[in-house]
Amino acid sequence: MIVALAFYVFAAILLLSACMVITARNPVHSVLFLILAFINAAALFVLAGAEFLAMVLVIVYVGAVAVLFLFVVMMLDVDFAALREGFQRYAPLGLLIGFILMVEIGAVAVGWTVTPAAHLASQVPMPADMSNTAALGDLIYTRYMFAFELVALLLLVAMIGAIVLTHSGERRSRRQDISAQHQRPIDETLTMVKLGIGKGARQMTQSAPASQETIR
Amino acid sequence: MEAGFFSSDLGILVITLLRALALLVPLLIGVAYLTYAERKVLAAMQLRKGPNVVGPFGLWQPFADAIKMLFKETVIPDGASRLLFLFAPMITFGLAIIAWAVIPVNNHWAIANINVGLLYLFAISSLGVYGVIIAGWASNSKFAFLGAMRSAAQMVSYEVSIGLVILSVLVCVGSLNLNDIVVAQRHIWFAIPLLPMFVIFFISGLAETNRAPFDLPEGESEIVAGFFVEYSAMSFALFFLGEYANMILMSGMTTIFFLGGWLSPIPLAPFTWVPGPIWFLLKVMLCLFVFLWVRATLPRFRYDQLMQLGWKVFLPLSLCWLVITASALEIFGWLPHA
C-alpha cells in the first residue's frame, strides 16, 4: 500500500515539475524544476528496485550536469522582452512542427507490435545471487565492453573538443608557477642592507653597493 | 499481537521514525556543541578563554545563541526571490541531516542499511552545492552571487577527487554497503594501506564543506560573507548549523571509509569491551578536532591555488593511486570476490 502511494506521489510530482520546466517564466526556475523532476525519477527507480540507476541519476544529472546548467542559466543575461517579440509571428510554425511530431510519435506507437518472445531473447535474466549493482557491472564489463569503451571515447572526444575550442594558445592570465617559485635562489629575492643613520634603504643600495650583503 | 503490529506497514513506519529520532537528537545536540567546541578550541589555540559567561564553562552558550537567532527579524532583501531565498538554507541543513540515514554507528545499526549506501552518501554530498547556489542567486546581490559562483566551481571540482578516493576504497571492499566497508577493515584500517587517499579525502572534505583553508565562498575579506551576506535570523542560523552538520557528516564518512567505523583500534580485551558507538563517536570527534585545528592554523587559499590543487594535484594523484590499488590487489590476489 505504502509503495503504491509513494509511486503515485512521486509520479505526480515528476509530471507536474516536468510541465513546470516548460511553462515557468524564469529560466532559473525551469532548471530547478528540472532538478526536481530528476530527483523524482530517481525515486521511481528506487521503487522499481533499480537502486544503482537511481543513485547514478542523482550523482550524474543532479550533482554535475544540472549544476553546470544552472550556473550557465544564472549567468545568462536574457532579455525576456526580446525573446517574446516574435512569438505571434512564429507561433503557427511552432504549432505545425509540434503537431507533425505528435502525429509521427502516435503513428509509431500505434503501429508498434512486440512479439511476446522478444523480452526473453533480448534481456539478460537477473542473476539471483547478486545485487543489481554487481549484475550491471558484470554485464557492462564483459558483454557490452566494446559499447562501453566506445561511449567513453565519445566523451573523451567531446572533452578534447571543448578544451580546443576554449584554449586560445597564448597565456593572457598571470598564473602561479609553483616549481619556478621554489627554484628561485635566495640572492635573487633577498638583499640584506645595513642602514646608515638618516638614510633610507634605497639610497644606501644606490650609493654604496659595497655594503650590500647577500645571504646564502 | 505486538509482533504483528511491528511487522505491519504502519509498525515499520513507527519504528523507522523512532530510530530516526534516536539518531537525530544526539546529532543536533552534537551540532550545537560543535559550535561551542570550535570557539573553545580556537580560543585555546590563540591563548584566549572563549565563551565562559553563560552557564558553567559557558556550556549554555549554544542555546543562548539559538534563542538570540530565533528572536531576530528575518530580513528579505528587495528584489529577492522570496521562496527560493527561504528554501536555500533548508536545503543545506536538510541534506546534511538526511545523509545520516545510511551511516552505521555500530554493526547493523543504521536507519537504512541499503546496498548502495556509499553511492547514496556521494549523491547527497553532491547535492550540497544547491543550497549555496540558490542562496547566492535568490539574494539578488553581487557579493552573494560571487560567493555562489566560487562555491559551485569549488565543490564540483573537489567532488571529482572525492569520487576517485571513494572508488579506491570500493575496490578494496567489493561492496557499496557501508556496513560491509567497515567490516572489511577488521584486520587493518584503510587509513594505513591507503594513507595518501586518506589525506586527499580529508582535504577534499575541507573543501567540500567550505571550511578553512578553503572557505573562499565566504571570503569575508573580499566578498563580505559570500553567499549568505543577505541572510539574517533563523535562515542564517540554518546555514551556520548546516555547515557544522556537514562537518560532522564528513567526519563520519572519514571514520567509516578509513578509520574502521565502530571497530576498536586493537582487537584485544580491554578495547573490545568498549561498545562500538563509543569508538565511532571518539573517531568522529578526533576528525572534528582536526577540522578545527586546521582552521586555527592555516591561512585561506587563493582561488587559483585552490583550483590548481584540486585539478592538477588531487585528480591525477587519486586517479594514479586507484590504478595502483587495483593492480596491487590483482597481483597479490587480494581482490574481493575474485
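Predicted model: local features only at pLDDT ≥ 70, side-chain atom pairs only at ≥ 80, totals over all residues.
Residues are numbered from 1 along each chain as its sequence is written, with chains lettered from A and ligands numbered from 1 in the order in which they are written. Local features need pLDDT of at least 70 and side-chain atom pairs count only at pLDDT 80 or more, while totals for chains, interfaces and linings use all residues; side-chain values use heavy atoms, leaving out hydrogens and water.

Let's start where the chains meet. Contact (heavy atoms within 4.5 Å) involves 26 residues from chain B and 24 residues from chain A. The buried area (accessible area, 1.4 Å probe, that two parts lose on being put together, summed over both) is about 2200 Å², and carbon and sulfur atoms give 77% of that. Two residue pairs are in polar contact across this interface, both at pLDDT 80 or more; the term stands for a pair of N or O atoms within 3.5 Å, where within protein one must be able to donate a hydrogen and the other to accept it, and residues adjacent in sequence count only if both atoms are side-chain atoms.

Helices here are DSSP runs (H or I, at least four residues), numbered from the N terminus.

Helix 5 of chain B gives the most, with 11 residues.

Helix 13 of chain B also meets helix 8 (residues 195–208) of chain B: their axes, lines fitted to C-alpha atoms over the stretch in contact, come within 10 Å and cross at roughly 145°, an angle taken from 0 to 180 degrees between N-to-C directions. Helix 8 contributes B:Pro196, B:Met197, B:Ile200, B:Ile203 and B:Ser204, and helix 13 contributes B:Phe314, B:Leu317, B:Ser318 and B:Trp321.

Now for salt bridges, meaning a side-chain nitrogen of Lys or Arg within 4 Å of a carboxyl oxygen of Asp or Glu. B:Glu38 forms one with B:Arg295, with the closest N and O atoms 2.9 Å apart. B:Glu38 lies in helix 2 (residues 9–45) of chain B and B:Arg295 in helix 12 (residues 276–297) of chain B, so the pair ties together parts 257 residues apart in sequence.

Finally, A:Phe71 is found in helix 3 (residues 51–75) of chain A. Leaving aside neighbours within four places in sequence, A:Phe71 is in contact with B:Met149 and B:Ala152.

How values were computed: Helix = DSSP H or I, 4+ residues; strand = E, 2+ residues; numbered from the N terminus.
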